[in-house]
Amino acid sequence: VDGLQEKIVVRQPRDAVSGQRVRVVLRPERLSLSSDRVDQGFDNILPAHIDQALYNGSDMHYVVRLANGLVWKARVPNSEVVHKRFVPGETVFVRWNVGEGVVLNE
């Protein structure tokens, strides 16, 4: 991800060339948010800040800003007791596994 100090792990597309730029696409419901950096089996972890927290009945919709200014959306089910609700301004860690992202050539 441009401008980030941290590396992310992705599946390399079959036709990718070493050093080639790619785009990683992640569905908002595939992202996990945590207040600590513990990986708990996740392949990728990036620090972010909550810009918006929107209650949407069965889930929470979060707008998170990564260190490089890139804005992502995350959707977290309200039914899962293990998930804490976050508030704007809070620091979180966005987590996901390699298989949850789709890599596209640019």
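In which sense do strand β3 and strand β6 pair, and over how many bridges? I found that β3 (residues 44-56) and β6 (residues 91-96) are antiparallel, with six bridges. Strands here are DSSP runs of E of at least two residues, numbered from the N terminus, and two of them pair if DSSP finds at least two bridges between them.

I noted that this is a predicted model, in which local features need pLDDT of at least 70, side-chain atom pairs count only at pLDDT 80 or more, and totals for chains, interfaces and linings use all residues. Residues are numbered from 1 along each chain as its sequence is written, and side-chain values use heavy atoms, with hydrogens and water left out.

Next I looked at β4 (residues 59-66), which runs antiparallel to β3 and is joined to β3 by eight bridges. I checked A48: this residue stands opposite V92 in β6 and has L66 as its bridge partner in β4. Two residues lie between β3 and β4 in their hairpin, and G57 in the turn has a positive phi of about 70°.

Then I looked up aromatic pairs (ring centres of Phe, Tyr and Trp, the last by its six-membered ring, within 6.5 Å; planes under 30 degrees apart are stacked, over 60 edge-to-face, the rest tilted). I found two. The Y62 and F86 planes stand at 70°, with centres 5.8 Å apart, so I logged this pair as edge-to-face. Y62 is in β4 and F86 in the loop between β5 (71-77) and β6, 24 residues apart. W72 and W96 are also edge-to-face, at 5.5 Å and 70°. W72 sits in β5 and W96 in β6.

Technical notes. Helices (H or I, at least four residues) and strands (E, at least two) are DSSP runs, numbered from the N terminus.
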